[in-house]
Amino acid sequence: MSQLRDIMTSQVASVTPQDSVQQAANLMSQLNVGVIPVVENGMLRGVVTDRDVVLRSVANNNAAAMVADVMTANVITGTPDMSVDDASRLMAENQVRRLPVVENNQLVGIVALGDLAARETFSGHAGVALSNISSNIPDPEPGEQLT
């Protein structure tokens, strides 16, 4: 049975809680990613997503915000020895598309639905996780704003 260590991205860029939201957004843009782990002394403190930046900084006209002001602190995580099946279920149950991988309280990698889908062996797991995540997102009515 395959484990997360077999498919996770282990070279993960991160920011600290003291970094500016602008720095986090620039890093997301450079790397073409929608989430950056927030790490302090090697320990995962949370994540900052493109949605966090927009809703908690830009929408509030808070250009001087720090990552600590906008990050999501309570993050669902996996472990390197977790099976891909278990990780897929965890992602689906918790409606997350990205799963930071932590070992001994240290961030060691991250797994995204794309990582599951990119491996033919696991593509069914990714599809199940994505359909479970997407099925709980309501479709907007015409002209309705998403919140």
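## Terms and model

A residue is called buried under 20% relative accessible area, exposed over 50%, and partly exposed in between, using a 1.4 Å probe and protein chains only. By that rule Val-58, with a relative accessible area of 53%, is exposed.

This is a predicted model, in which local features need pLDDT of at least 70 and side-chain atom pairs count only at pLDDT 80 or more, while totals for chains, interfaces and linings use all residues. Residues are numbered from 1 along each chain as its sequence is written, and side-chain values use heavy atoms, with hydrogens and water left out.

## Confidence and overall make-up

The pLDDT is the predictor's confidence in each residue, from 0 to 100. The protein chain averages 81, and 78% of the residues score at least 70. Over residues 133-147 the pLDDT is below 50, and this stretch has 12 contacts in the model beyond near neighbours in sequence; a contact means heavy atoms within 4.5 Å.

The protein chain contains six helices and four strands. Helices (H or I, at least four residues) and strands (E, at least two) are DSSP runs, numbered from the N terminus. Their order from the N terminus is α-β-β-α-α-α-β-β-α-α. Of the 147 residues, 37% count as buried. The accessible surface comes to about 8,600 Å², and carbon and sulfur atoms account for 47% of it; such areas come from the Shrake-Rupley method with a 1.4 Å probe, and for residues only the protein chains shown count as cover.

Strand β1 covers residues 35-40, and five of its six residues are buried. It pairs with strand β2 (residues 43-49) in the antiparallel sense over six bridges; two strands pair if DSSP finds at least two bridges between them.

Arg-45 forms a salt bridge with Glu-40, their closest N and O atoms being 3.4 Å apart. A salt bridge is a side-chain nitrogen of Lys or Arg within 4 Å of a carboxyl oxygen of Asp or Glu. Arg-45 is partly exposed at 33% relative accessibility, and Glu-40 is partly exposed at 25%.

## Helix α2

Val-58 lies in helix α2, which spans residues 50-58. Together with Val-54 and Leu-55, Val-58 forms a nonpolar surface patch of about 250 Å² accessible area. Patches are made of residues with over 30% relative accessible area and no salt bridge, with like charges joined within 9 Å and nonpolar side chains (Val, Leu, Ile, Met, Phe, Trp, Tyr) within 5 Å.

Ser-57 is also in helix α2, but counts as buried at 4% relative accessibility. Leaving aside neighbours within four places in sequence, Ser-57 is in contact with Val-21, Asp-52, Asn-62, Ala-65 and Val-70. Asp-52 is itself buried at 6% relative accessibility, and its side chain meets that of Arg-56 in a salt bridge (3.2 Å, N to O). Arg-56 and Asp-52 are four residues apart in helix α2, about one turn of the helix.

## Other places in the chain

Helix α4 (residues 84-93) holds Arg-89 and Asp-86, three residues apart. Their side chains meet in a salt bridge at 2.5 Å, N to O.

Ile-7, in the segment before α1 (21-31), is buried with a relative accessible area of 4%. The C-alpha atoms of Ile-7 and Ala-112 are separated by 9.5 Å, although these residues are 105 apart along the chain.
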